[in-house]
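User: Could you walk me through how to read a few features of a model? I would like the general idea each time, and then the case at hand.

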Amino acid sequence: MHSSLTLRKRAAPLLLSLLMACLAAASPASAGAAPALKAGVFEPPRAAPEFSLRGSDGAELTLARYRGKVVLMSFGYTHCAAVCPVTLATLAEARKSLGNAADAVQVIFVTVDPERDDAARMKAYMAAFDASFVGATGSTDALSAMRRSYGVTARKQGTSDGYVMDHSSSIYLIDRTGKLRAQMPYGHSAGDFVHDVKLLLAQ
Amino acid sequence: MTQTLHPTPPAAGLGARNRARSPRRARRAAVVLLLVLLLLGTLAWAALAPIERSSRDELFEIPHGTWARRMAGDKVEILPSTIRLTLGINDVLLLRNADEVPQAFGPALIMPGQSFRLPFATASTYSFACSAHASGQLAVIVEPGPERGWDTLRWRLRDLADAMRRHLLAAP
């Protein structure tokens, strides 16, 4: 008798706690608005780290060169079998969809494999996707420093000629004023890039 | 004078005590019944009511002083190696760096005082390089929104369990 009374005394607060917890689990407010950009957005945005590399067009490649344009920058290498061709094909498709606005967009492809990617090879590789794309190469140190400043990782896998580079695959969106505004993870459609580029161009 | 004792028969005494206790028992039973009904009502509501939140953000923050603690040899885990999100409910990963140094947090390098807000629109498992983890990988599992009923109840209970786990981990 005593034990069942104790049990009941304990059960009441337990049931009440469970009730309160269930109520707390779902807040009764309305759903929040979805973010404007499809890409991941930095808030507040910082100035995109500047760099000085060798462009596939033969000229020095700096970010300042493209001030006034929206820059879409990705990291990869020309021997990449899967991720890089898909990324560049997606960006080419997005640029085509933008029509006249495409003139205000610059795609930069920075190599993570300077051993094999010289300026000439990158130029030919870029042309296969979109002649306006610019490849960037440079010394191992310069490229490493640049990757660090953007939080990009790249690691060589294997030792023979057939090595691959394991690298992060996001695309960086830099606005007309040179601010690093957003980062689009790999796998988004050309339509998502068109959506975000239009928003950045409109600002 | 001879005093005659008329002891109350034992059975009759028990009956009187029972009669005295019965209103108390009834009250207790009513309270328990009410609580059970409330619980069932809540569970039914939790299973059937649409899940609505004030924000779709799922926030993870690097607290101030994390870098200093790491430098001192403290193994600080801020970001779980697997994050579960649900489309339409909490489908935006919000990473905030409240520390004094830049932090590679999930897929992004985030400056002090800066946040990175990453929305997801497709249910899938996303794998990101993340130097904050020993494995170097962060998995974000994005699931479709739950159906009404058992799915919704299960989602709410799991959300509650996650919240409690996070609260316990955050406790000093």
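Predicted model: local features only at pLDDT ≥ 70, side-chain atom pairs only at ≥ 80, totals over all residues.

User: Which residues does B:Thr152 touch, not counting residues up to four places away in sequence?

Analyst: Residues are numbered from 1 along each chain as its sequence is written, chains are lettered from A and ligands numbered from 1 in the order in which they are written, and side-chain values use heavy atoms, with hydrogens and water left out. Now to your residue: contact means heavy atoms within 4.5 Å. With those sequence neighbours set aside, B:Thr152 touches B:Ala46, B:Ala47, B:Ala49, B:Ile51, B:Pro146 and B:Glu147.

User: Where is B:Thr152 found, and is B:Thr152 buried or exposed?

Analyst: Helices (H or I, at least four residues) and strands (E, at least two) are DSSP runs, numbered from the N terminus. B:Thr152 is in helix α3 (residues 150-170) of chain B. As for burial, buried means under 20% relative accessible area, exposed over 50%, and partly exposed in between (1.4 Å probe, protein chains only). B:Thr152 counts as buried because its relative accessibility is 3%.

User: How many helices and strands does chain B have?

Analyst: Chain B has three helices and eight strands, and along the sequence they follow the pattern α-β-α-β-β-β-β-β-β-β-α. Of the contacts in chain B with a separation of 6 or more, 59% are accounted for by residues 24 or more positions apart. Of its 172 residues, 34% are buried.

User: Which residues make the nonpolar surface patch?

Analyst: Patches are made of residues with over 30% relative accessible area and no salt bridge; like charges are joined within 9 Å, and nonpolar side chains (Val, Leu, Ile, Met, Phe, Trp, Tyr) within 5 Å. The areas come from the Shrake-Rupley method with a 1.4 Å probe, and for residues only the protein chains shown count as cover. Here, B:Val32, B:Leu33, B:Val36, B:Leu37 and B:Leu40 make a nonpolar patch of about 420 Å². B:Val32 lies in helix α1 (residues 10-48) of chain B, and B:Val32 counts as partly exposed because its relative accessible area is 33%.

User: How many aromatic pairs are there over all chains?

Analyst: A pair of aromatic rings is described by the distance of the centres and the angle of the planes. Rings of Phe, Tyr and Trp (its six-membered ring) pair if their centres lie within 6.5 Å; planes under 30 degrees apart count as stacked, over 60 as edge-to-face and the rest as tilted. By this rule there are seven aromatic pairs over all chains. One of them is A:Phe75 with A:Tyr172, edge-to-face at 5.8 Å centre to centre, with 85 degrees between the planes. This pair links distant parts of the chain, 97 residues apart: A:Phe75 is in strand β4 (residues 70-76) of chain A and A:Tyr172 in strand β9 (residues 171-174) of chain A. Both A:Phe75 and A:Tyr172 are buried, and together with A:Tyr150 they form one aromatic cluster.

User: Which charged residue lies over the face of A:Tyr163, at 3.7 Å from the ring centre?

Analyst: A charge sits over a ring if NZ of Lys or CZ of Arg is within 6 Å of the ring centre and within 35 degrees of the ring normal. A:Arg116 lies over A:Tyr163 at that distance of 3.7 Å, and the charged end of A:Lys156 also sits over the ring of A:Tyr163, 4.2 Å from its centre.

User: What salt bridge does A:Arg116 form?

Analyst: A salt bridge is a side-chain nitrogen of Lys or Arg within 4 Å of a carboxyl oxygen of Asp or Glu. A:Arg116 forms one with A:Asp113, with the closest N and O atoms 2.7 Å apart. A:Arg116 is buried, with a relative accessible area of 19%, and A:Asp113 is buried with 2%. The structure holds 14 salt bridges over all chains. In chain B, B:Arg84, B:Glu143 and B:Arg158 are linked in a network of salt bridges.

User: Which peptide bond is cis, with omega near -10 degrees?

Analyst: Most peptide bonds are trans. The bond from A:Glu43 to A:Pro44 is cis, with omega near -10 degrees, and A:Pro44 has its place in strand β1 (residues 40-47) of chain A.
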